[in-house]
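Hi,

Here is the structure I promised to pass on. Have a look at it first, and then read my notes below.

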Amino acid sequence: MALRRPAISTAVAAALIGSLGVPVLAGTASAEAAASTVREDFDGDGYQDVAVAAPGAQVGGHTLAGHLTISYGSAHGIDPARTTTISQDTAGVPGASGENKVFGYALEARDLDGDGLTDLAVATRDHQVETNVSGSVVVLWGRTAGISGQGAVRIAAPANSEVGEDLSVGDFDHDGHADLFMRHGDDYDYHDVLYGPIGRDGVPAREQQLLVYSTDNDINSTAVGDFNGDGTEDLATFYVYENHAEGGKLWLGGADGLSTVPQRLSSASSTAVADFDRDGYADLATRVFPNGITENLDEDPGTVKIFYGSASGPSATRTRTITQNTSGVPGVSEKGDEFGGRLSAGDVNGDGYPDLAVGVPGEAIGSKARAGAVVVLKGGKGGLTGTGAQAFHQDTTGVPGVAESGDVFGGSARLLDVTGDDKADLVAGAPGENLGAVVNGGAVWQLRGAASGVTASTSVAVNPVDIGAPASRAWFGWNLSGDNGPSVVIP
């Protein structure tokens, strides 16, 4: 089945046409501080935690109802025993599980109420009949005892509106509070910025309407970061129409919020943001649409292009292109590899330079088609190169499991410091993983960061069967919080 984020099935493909989420944030002038900041610590213990979506899961007898899990970090990494499953049937969560609600099709983690604990914004296709609101964003509040449904709230929305498309988060007015960007109204041409703090009643401090569409197209991806080095986060939106890419727009942040007159950007599929060369400007890593064509991405070998930051934003001239044919990069560029299908930034070896995890979900491992892999590119003084790059898959020594056709390992990927040692760990999902008789149950792995780079030694895996969660065709690991890019093909 071909999945396009956030589409889950043919029945809901039209309704779920957008591309949701943002990459891990990087600082610019404060790059070093950002690298050590724990952004996804839901219980406040100092370890980053991992939020995993299983939007295909059957819950309460409903297909494509969806659930999510939170795996809590520790010095030993993630542990199935410290993993919590949450759905719309969990006590306190607004609504109820239902057909095609795909709870968790997009996840964004950030401290939304300003209490110092990371919260989780969860998009779902819930329809609120009483107000005729299509879609919703549910906030699960961070708690020292761990996230549960306690006090969970829907983001307030006007009647007859559509909510949740293109969900992204950043501090766009530099007031220290996280803000949400999403579709949030009944006028298709506009999206809203909901400025924080978000109250426990789901009401933001203020709202701003942004005219995001000027032609008949759709947002396919977003990115958030301080692209011009002024200390305030900015928003990039990228567009497609039918089968071709239509460029992007850069909305600069400022004291009053996002600018209303955007700058033009090149097109992008997947995105990630970090200051890879530590020059004080955030850089934008993208997957390139081949020849500007957006269809049949599953047949694309894959190309990653980095636009290095400058005082005016991502540079159109200072760029670097990396494929699997680039010197030092493991593997060979082949049809269907999808190099760049997922992108995530983080410092895996603790040298102060962010690195880039590149999902290669279509990679064949031996004769096993679309088994999938993840390549880690190293950052340095000159930015990202192929030098010292590493590759991992399920046949890598030390990685639990065995590579099989259709696993699509690398269908999701994040770099998070789960073990609290100031080195980002690689978290990779394989939503097509079969778990015995359970088809497409999915699984997620954590591989540790180390001074030498990512290591498979002591790596661990979590899957829905092991934690007792609904598993059949759950596509567990289809997306992680902050995961950003097009969907992958799951056979």
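Let me start with a charge over a ring: arginine 206 lies over the face of tyrosine 195, at 3.9 Å from the ring centre. There is another case of this kind, where the charged end of arginine 318 sits over the ring of tyrosine 308, 4.3 Å from its centre.

Before you go further, please keep in mind that this is a predicted model. The protein chain has a mean pLDDT of 91, with 92% of its residues at 70 or more. The part to treat separately is residues 1-37, where pLDDT stays under 50. For that stretch the model has 130 contacts beyond four places in sequence.

Next, the aromatics. Searching the whole structure turns up three aromatic pairs. One of them is tyrosine 188 with tyrosine 213, a stacked pair with 4.9 Å centre to centre and 10 degrees between the planes. This pair links distant parts of the chain, 25 residues apart: tyrosine 188 is in the loop between β11 (184-185) and β12, and tyrosine 213 is in the loop between β13 and β14 (218-225). Tyrosine 188 counts as partly exposed, at 31% relative accessibility, while tyrosine 213 is buried, with a relative accessible area of 6%.

Tyrosine 213 also pairs with tyrosine 239; their ring centres are 5.8 Å apart and the planes are at 80 degrees, so this pair is edge-to-face. Since tyrosine 239 belongs to strand β15 (residues 234-241) and tyrosine 213 to the loop between β13 and β14, the pair ties together parts that are 26 residues apart in sequence. Tyrosine 239 is buried too, with a relative accessible area of 1%. Put together, Tyr188, Tyr213 and Tyr239 form one aromatic cluster.

Now for the packing. The largest nonpolar core has 26 residues, and those with the most contacts inside it are Leu112, Val137, Ile155, Leu167, Leu180, Met182 and Ile198. At least two residues of this core come from each of β5 (119-128), β6 (133-140) and β10 (179-182). The largest share, three residues, is from β6. A second, separate core of 19 residues includes Ile322, Leu343, Leu356 and Val360.

Most residues other than glycine have a negative phi, and most peptide bonds are trans. Here, glycine 196 and proline 197 are joined by a cis peptide bond, with omega about 5 degrees. Proline 197 is in the loop between β12 (190-195) and β13 (206-211).

There are also two positive phi values to check. Aspartate 166 has a phi of about 65 degrees although it is not a glycine, and is found in the loop between β8 (162-163) and β9 (168-170). Histidine 174, also not a glycine, has a positive phi of about 55 degrees and lies in the loop between β9 and β10. Which of the two is buried and which is exposed? Aspartate 166 is buried, at 2% relative accessible area, whereas histidine 174 counts as exposed at 51%.

Four strands make an open, antiparallel sheet in the order β3-β2-β1-β30. Its edge strands, β3 (83-86) and β30 (479-480), each pair on one side only. Inside it, β1 (residues 50-54) and β2 (residues 67-71) pair over five bridges, and leucine 68 in β2 is the bridge partner of alanine 53.

Cheers

Key:
Residues numbered from 1 in each chain as written. Predicted model: local features only at pLDDT ≥ 70, side-chain atom pairs only at ≥ 80, totals over all residues. Heavy atoms only, no water. pLDDT = per-residue confidence, 0-100. Contact = heavy atoms within 4.5 Å. Core = buried A, V, L, I, M, F, W, Y, C linked by side-chain atoms within 4.5 Å. Buried < 20%, exposed > 50% of the residue type's maximum accessible area, 1.4 Å probe, protein only. Pairing = 2+ DSSP bridges. Phe/Tyr/Trp six-rings, centres within 6.5 Å; stacked < 30°, edge-to-face > 60°. Lys NZ or Arg CZ within 6 Å of the ring centre and 35° of its normal.
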